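Trainee: Could we take a close look at the charged pairs in this protein, and at the places around them? Please go slowly through the terms.

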Amino acid sequence: MFSAAEIDAMEAALDSALLGPRGANPLVGAVVVGPDGRQLVTGYHRGAGTAHAEADAIAQAGMKGIDLAGSTMVVTLEPCNHCGRTGPCAQAIIDAGITSVVYAVDDPHDPAAGGAATLRAAGVSVRSGLAARAAFELNRRWFEAVLGQRPFVTLHIAQTLDSRIAAADGTSQWISSPESLADNHGLRGRVDAILVGTQTLLVDNPRLTARDSSGKAAGTQPLRAVMGLRGIPDDAAIHGDDGRVLHLATRDPHEALVQLFTAGVRHVMVEGGSSILSAFLAAGLVDELIVYLAPTLLGAGTAALGDLGITTLADAQAWDWDQASGGSVQTLGRDLRLHLFPGHADAALPELFSSLTSSPESLPHRTGAGTATGGN
C-alpha cells in the first residue's frame with residue numbers, strides 16, 4: 001500500500017517534472033519524503049547534460065544540510081542505472097542513504113534500465129505503479145519514440161494569423177518577433193539536429209545554427225539535416241565552418257528518422273518548409289508542436305501546411321495544450337508561442353502502457369491507496 005505522504009509526494013513530483021524541457025530525455029520529477037512524512041526536497045530534470053531529477057533532489061539536500069538517511073524517494077520514472085553525461089541515479093540514491101524508493105513507470109531505455117534491480121540488490125525497498133497512468137501520459141510520446149527507435153520530433157512553425165509562412169513574393173524574414181527568434185535559437189541549442197527540405201534550402205539558404213542575441217554562434221550546435229532528392233549546393237550556407245551536414249535522400253519522413261537515429265540523433269526539430277511540415281504531421285510523427293503566431297495578416301502567400309490527407313472534420317488531428325517547458329501559451333514580444341502535443345490516436349497505446357508497468361493504476365485519491373508492485 002502507498003501511504004498518503006507518498007501519494008502527495010508523487011503529485012508534487014509530477015508537477016515539478018513539467019518544469020523541464022521536452023526532448024531526447026523524459027520529463028522527470030522527484031520528491032524525498034522524511035520518515036515523518038514531510039517532503040524534504042524536490043528535484044526535476046532540466047535537460048540533457050544536467051542532473052537527473054533524483055540527483056537534483058539529493059544535491060539540494062546536500063546544499064541545505066538535510067540528512068536523507070532512512071528517507072523515501074518518490075519519482076515519476078524508474079531511477080536510471082547507467083553512466084552517461086551524468087552518473088547513475090540508482091547509485092546516488094544508495095550513497096545518500098535513502099532506504100525506500102517509489103516510482104511510477106519502468107524506464108524502457110535499454111542503457112538506463114535496471115535501476116530498480118540495482119536498488120533492490122543494495123537492500124533498498126522498491127515499489128512501483130503509483131500514478132502510473134499519469135506518469136505515462138506525461139511522457140507518452142517520448143516512450144513511443146524510444147520504443148520505436150527513432151528521434152523525438154519537435155515541429156516548429158512561425159506563421160501569421162492567417163497561417164502564412166511567407167508572403168506572395170516569397171519573403172519571410174522576419175514574420176516572428178525578435179523574442180520569438182531568440183526562443184527558437186534557444187531550442188536549436190538543445191536539439192541534436194535541425195531538419196529542413198531541399199526547397200527551403202534552395203530558396204532561403206539558411207545557416208540552421210544556434211545563435212545568441214548578437215548573432216554569434218552559441219556554444220552547442222545541432223547537426224544540420226536536409227531532406228529531399230535534390231543535392232546540397234557546395235556553396236550553401238548550411239555547410240558552415242564545421243561541415244556537420246547530413247543529406248537525407250528521401251521524401252519519406254519514416255526513412256528520414258531512421259537515418260537520423262542511425263546518425264546518433266535523438267531529438268530533431270523540423271523547421272520547414274510546408275511540404276516537410278505537412279509530411280511529418282500526416283505521418284503522425286510529430287511529438288511536440290511549437291507555433292510562433294505573429295499578429296500579422298498577409299491574405300496570400302505560402303501556407304504553413306499543405307494537404308494532410310484529411311477530408312472530413314471527424315478525421316481532424318486532435319492536439320492537446322502542453323503545460324511543460326514554460327506552459328501552453330506564452331507571450332514573446334508581439335507574438336504568441338503555442339505549445340502542444342498530440343492527442344490520443346494510437347490503438348497500440350494500451351499495450352505500450354502495460355509494457356511499462358505491471359500496475360495500470362491511475363493516481364489514487366488521497367483518501368485511498370494504490371497497489372504496490374514490483375518494478376520489473
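**Charged pairs and their surroundings**

Mentor: Start with Glu271, which is buried at 16% relative accessible area. Buried means under 20% relative accessible area, exposed means over 50%, and partly exposed lies in between (1.4 Å probe, protein chains only). Before going on, note that this is a predicted model: local features need pLDDT of at least 70, side-chain atom pairs count only at pLDDT 80 or more, and totals for chains, interfaces and linings use all residues. Residues are numbered from 1 along each chain as its sequence is written, and side-chain values use heavy atoms, with hydrogens and water left out.

Now the partner. Arg188 is buried too, with a relative accessible area of 8%. The side chains of Glu271 and Arg188 form a salt bridge, 3.0 Å from N to O. Glu271 sits in strand E11 (residues 267-272) and Arg188 in helix H7, so this pair ties together parts that are 83 residues apart in sequence. Another group is a network: Arg141, Glu144, Arg150 and Asp287 are joined by salt bridges that share partners.

Two terms need their rules. A salt bridge is a side-chain nitrogen of Lys or Arg within 4 Å of a carboxyl oxygen of Asp or Glu. Helices (H or I, at least four residues) and strands (E, at least two) are DSSP runs, numbered from the N terminus. The salt-bridge rule gives a count of 11.

Look inside the network. Glu144 pairs with Arg141, with closest N and O atoms 4.0 Å apart. Both lie in helix H6 (residues 140-147), 3 residues apart, about one turn of the helix. Glu144 is buried at 17%, and Arg141 is buried at 12%.

One more pair is Glu137 with Arg140, whose closest N and O atoms are 3.3 Å apart.

Glu288 is found in strand E12 (residues 288-294). Glu288 is buried, with a relative accessible area of 1%. What does its side chain meet? Another, of 2.7 Å, goes to the side chain of His339. A polar contact is a pair of N or O atoms within 3.5 Å; within protein, one must be able to donate a hydrogen and the other to accept it, and residues adjacent in sequence count only if both atoms are side-chain atoms. Beyond four places in sequence, Glu288 is in contact (heavy atoms within 4.5 Å) with residues including Arg22, Phe152 and His267.

Back to helix H7. Ser180 lies in this helix, at residues 178-188. Ser180 is buried at 1%. Leaving out residues up to four places away in sequence, Ser180 touches Tyr292, Leu332 and Asp335.

Finish with two cysteines. Cys80 is buried at 4%, and Cys89 is buried at 2%. A disulfide is a covalent bond between the sulfur atoms of two cysteines.
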